[in-house]
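Open the model in your viewer and keep the selection tool at hand. We will go from the whole chain to single side chains.

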Amino acid sequence: MTVDTGLGHGRTRRGAGVTLRLASVAAGVAVAALLVADFRLTGSAGQQVLAVALMATFVSAGMWATSSLTALLMRPSLRQARELLAEEPDLRGSDREFFAPVRRLMFLGVLRTLVDLLVLPTVYPLALWAGVRICGAAGLSAHLAGLWPVVVSGLLVAAVAGTVGTFFALFRRRTSHAAARSLAAVLLNAAGLALAALVLDGVRLDSAPGWRQALALCAVASLFMLPRITLSLPVPGIASIVLVAFHCLVLWLICAAFAFVDPQLHAEGFWPLAGAAAIMWAAEWPARLAVRRAQGAAAQPAPVLPDPFPPDHGFPSGPLY
């Protein structure tokens with residue numbers, strides 16, 4: 001007689017997660033090789049697939065090493081802050097000592113956010129560049145030259161890998177609804193940019209086959225989802241103006257990055273750029289509304305159980321009973 005401990009299923013789930021992450025990064029590498037002008041894969045189809053898999057492995061390993069090192073360095077401070085927070089506070093102490101654990105946790109959270117932001121333009125491009133060099137040493141034809149093409153390729157890998165990973169999350173019961181909302185936001189942003197290119201004179205994509213233009217629009221929308229901020233202000237309309245301005249800045253940076261991409265995205269002048277950002281912001285509004293509704297539903301308190309004794313039961317009632 002054997003006992004099923006569930007360890008095998010845990011290993012299977014971890015293996016499936018690693019495989020899906022590798023597949024997501026491989027999709028990002030393939031899209032970057034298709035779009036970035038100075039990133040080329042040559043040779044037979046089998047050699048190209050092998051090169052993409054090898055580069056995806058290096059990028060995934062670089063991300064895993066970075067996250068593990070960050071967690072290892074921050075673990076002692078995080079543990080100490082949690083221990084201080086769990087201790088009985090000294091009511092006779094100063095306010096500075098009383099709020100010290102909270103300040104430390106907030107500082108660690110901000111530090112982790114800054115590290116995550118630095119990972120995008122540094123670790124992804126460096127790991128991809130190393131993967132290209134290893135492919136060349138292994139006899140696989142992969143070419144990626146220039147600082148900015150490397151940076152843009154790394155950002156595309158990160159953005160597309162996140163979108164493909166979200167697509168894979170559709171098939172998990174726990175994450176299907178959140179993944180559907182995120183994918184809807186990406187598709188709505190791509191549709192908004194396509195609409196802006198149709199109705200605005202200064203916004204356009206270079207001529208290319210239809211599938212290539214659609215891929216470029218989805219890549220722009222995926223990049224657009226990387227720096228996400230939410231803002232709530234007491235004055236109506238001010239938050240929307242600030243968010244549209246932020247989207248305008250992000251779209252301007254993406255247009256600058258797409259100088260190394262074929263087809264290129266052009267936004268000539270401030271008003272066409274602001275108009276495109278406003279159209280994309282308006283097109284994404286249904287997805288943001290769905291996210292807010294989901295957050296509101298999750299924040300609702302649990303229903304109060306009915307009192308087994310009616311008010312005239314005659315027994316003492318109050319918070320201590």
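**Whole-chain view**

Among contacts between residues at least 6 apart in sequence, 75% join residues at least 24 apart. Keep in mind that this is a predicted model.

Colour by secondary structure. The protein has 10 helices and 4 strands. From the N terminus, the order reads α-β-α-α-α-β-α-α-β-α-α-β-α-α.

Of the 321 residues, 31% count as buried.

**Into the core**

Hide the surface and select Phe39, Met55, Leu251 and Phe258. In the largest nonpolar core, which has 65 residues, these four touch the most other members. Now select residues 147-169, helix α5. Helix α5 gives the most to this core, with 9 residues.

Centre on Met55. What does Met55 touch, not counting residues up to four places away in sequence? Its contacts are Val29, Phe39, Leu41, Leu128, Gly131, Val132, Cys135 and Ala142.

**Aromatic stops**

The structure holds 3 aromatic pairs. Select Phe167 and Phe168. Their rings form a tilted pair, 6.1 Å centre to centre with 50° between the planes. Phe167 is partly exposed, at a relative accessible area of 39%. Phe168 is partly exposed too, at 23%.

Go next to Phe270 and Trp271. The ring centres lie 5.0 Å apart and the planes meet at 75°, so this pair is edge-to-face. Is Trp271 buried or exposed? Trp271 is exposed, with a relative accessible area of 68%.

Notes: Residues numbered from 1 in each chain as written. Predicted model: local features only at pLDDT ≥ 70, side-chain atom pairs only at ≥ 80, totals over all residues. Heavy atoms only, no water. Helix = DSSP H or I, 4+ residues; strand = E, 2+ residues; numbered from the N terminus. Buried < 20%, exposed > 50% of the residue type's maximum accessible area, 1.4 Å probe, protein only. Contact = heavy atoms within 4.5 Å. Core = buried A, V, L, I, M, F, W, Y, C linked by side-chain atoms within 4.5 Å. Phe/Tyr/Trp six-rings, centres within 6.5 Å; stacked < 30°, edge-to-face > 60°.
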